[in-house]
Amino acid sequence: FICVMKLKRPGITLPYEIRSLPPKLSNILTSPISLMPFLDRYLKMLQDEFQFKLWHTTMAYPSGVAVAHFLQNTKIPHFVQSVGIDIQKVPEINYGFRLNPKVDALVHKWLPKSTKVLAISESVSEEYRELEIPEKKILPLPRGVDLDRFDREINKKEIRRRYGIPYDAIVFLSLGRYHAKKNFEGLLSAFALMPQPVKLRCCLVLAGSGLQELAPLAEELNITKQVVIIDPIEAGEGKGGEMGNLPSSEVIEIFKSADVFSFPSFVETFGIVLIEAMAAGLPVITSDRPGCRNVADNGKYALMVNPDDAKNISGAMAEMAQSKEKRSHYSNLSKQRASDHSWDRIVDTLEGYYRDALAEAEAVK
């Protein structure tokens, strides 16, 4: 609902109509008194008005559950695409909607009733299987990037000057919102552990909303002078009529001003930021954990580390910092991997899935 309101702001024009689902949808689904009939009536109103031939919901919960319930006695195909927090569970960091038993029960009951479920990584496929969704319903559909937007030259010296990044430093970049699963604290600790002669030649850039909270830790670790924290929104993210273009031009410039991308996350659904870094030609260090290892293809395209081991992360960073040849090698691998995730390929694949599902639905009428 809030997202819809943002999209209806003055100056934003889209080539299609936008309607919102009821606000506080999760509260409706988990209410002690069943409000499913209310949701069904609302969704039927939309179906009658637009005569949808296929529904595609992004997020297994709550929207996927609500639509699966509504369509249960129809022949209309329903695709569900999980985003991560709606299906994954990591109790150690209190991550995942399904840690709530009521939500877990709803997802178990209704998600398998969808026509197809789209998996942006093998880690998500494993979660679907754990929910006893038949293999024939699970379709791979990784996220994509607009490679053309990354394939442009920048003035690296100017970009680094803008953000206070030393021009002659070997720059390690990590990008994302501040969240426990991202393991920014572990990354800072790892940077601090690098051998002093190596560390003095390096700079760690952290870019994302809320990351200023890490400043006290950088000071405690005595690395403040070598850590630059950027909020891309304050830096101009999304300005200049870039509606629909993600990441913003400013974020792409930050990517391309770096030398290595370091992302030791504890868990990701897919890790689109890894593909973006690869599209920018950055060699990548990431964790041997769900989502990250899928993008790295188990170490084929990136150095993988144990996110629980700061020394292991530090060793990989020092290895990259000390070897220009290694950085070049993994940069080439990154470009190869990114080419597998162009939007053209992703869209063609999804259109094929839609056609097959519609043909199957027509055949059983």
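The questions below concern a predicted model.

Q: What makes the protein as compact as a globular protein of its length?
A: The protein has 17 helices and ten strands. Its radius of gyration is 22 Å, close to the 21 Å that the globule rule gives for 365 residues, so the protein is as compact as a globular protein of that length. Along the principal axes, the C-alpha atoms fill a box of roughly 70 × 40 × 35 Å.

Q: How much of the protein is buried, and what is the criterion?
A: A residue is buried when its relative accessible area is under 20%. Buried residues make up 52% of the 365 residues. The accessible surface comes to about 18,100 Å², and carbon and sulfur atoms account for 52% of that surface.

Q: What share of the contacts in the protein between residues at least 6 apart in sequence joins residues at least 24 apart?
A: The share is 61%. Ile93 belongs to the loop between strand E2 (78-81) and helix H5 (101-110). Leaving out residues up to four places away in sequence, Ile93 touches Ala180, Lys181 and Val267.

Q: Which residues have the most contacts inside the largest nonpolar core?
A: They are Leu111, Phe172, Leu206, Phe255 and Phe261, in a core of 93 residues. Apart from this core lies another, of nine residues, among them Leu118, Leu141, Ile346 and Leu350.

Q: What is Leu206 in contact with, beyond its neighbours within four places in sequence?
A: The partners of Leu206 include Phe184, Leu187 and Leu188, as well as Val227, Val228, Ile229 and Ile230. Contact here requires heavy atoms within 4.5 Å.

Q: Why is helix H9 described as largely enclosed by the rest of the structure?
A: Helix H9 spans residues 184-193, and seven of its ten residues are buried, so the helix is largely enclosed by the rest of the structure. The buried residues of H9 are Phe184, Gly186, Leu187, Leu188, Ala190, Phe191 and Ala192.

Q: How many aromatic pairs does a search of the whole structure find, and why is the pair of Phe255 and Phe261 called tilted?
A: The search finds eight aromatic pairs. The rings of Phe255 and Phe261 have their centres 5.7 Å apart, within the 6.5 Å limit for a pair.

Q: Why is the pair of Phe261 and Phe263 called stacked?
A: The planes of Phe261 and Phe263 are at 25°, which is under the limit of 30 degrees, and the ring centres lie 5.8 Å apart, so the pair is stacked. Both Phe261 and Phe263 are buried. Elsewhere, Phe50, Phe52, Trp55 and Phe70 form one aromatic cluster.

Q: How do we know that Lys113 lies over the face of Trp110?
A: A charge over a ring must be within 6 Å of the ring centre and within 35 degrees of the ring normal. Lys113 lies over the face of Trp110, at 5.6 Å from the ring centre. Likewise, Lys157 lies over the face of Tyr167, at 5.8 Å from the ring centre.

Q: Why does Asp104 count as buried?
A: The relative accessibility of Asp104 is 17%, which is under the limit of 20%, so Asp104 counts as buried. Asp104 is placed in helix H5. Beyond its neighbours within four places in sequence, Asp104 is in contact with Lys89 and Arg98.

Q: Why do Lys24 and Asn222 count as exposed?
A: Exposed means over 50% relative accessible area. Lys24 has 64% relative accessibility, so Lys24 counts as exposed. Asn222 is exposed because its relative accessible area is 66%. Lys24 lies in the loop between helix H1 (2-7) and helix H2 (25-29), and its phi is positive, about 55°, although Lys24 is not a glycine. Asn222 has a positive phi of about 60° and is placed in the loop between helix H11 (215-220) and strand E7 (227-230).

Q: What kind of peptide bond joins Tyr61 and Pro62?
A: The bond is cis, with omega about 5°. Pro62 is placed in helix H4, residues 60-70.

Notes. Residues are numbered from 1 along each chain as its sequence is written. This is a predicted model: local features need pLDDT of at least 70, side-chain atom pairs count only at pLDDT 80 or more; totals for chains, interfaces and linings use all residues. Side-chain values use heavy atoms; hydrogens and water are left out. A nonpolar core is a set of buried Ala, Val, Leu, Ile, Met, Phe, Trp, Tyr and Cys residues joined through side-chain atoms within 4.5 Å. Buried means under 20% relative accessible area, exposed over 50%, partly exposed in between (1.4 Å probe, protein chains only). Rings of Phe, Tyr and Trp (its six-membered ring) pair if their centres lie within 6.5 Å; planes under 30 degrees apart count as stacked, over 60 as edge-to-face and the rest as tilted. Helices (H or I, at least four residues) and strands (E, at least two) are DSSP runs, numbered from the N terminus. The radius of gyration is taken over C-alpha atoms; the globule rule is 2.2 Å times the number of residues to the power 0.38. Accessible areas come from the Shrake-Rupley method with a 1.4 Å probe; for residues, only the protein chains shown count as cover.
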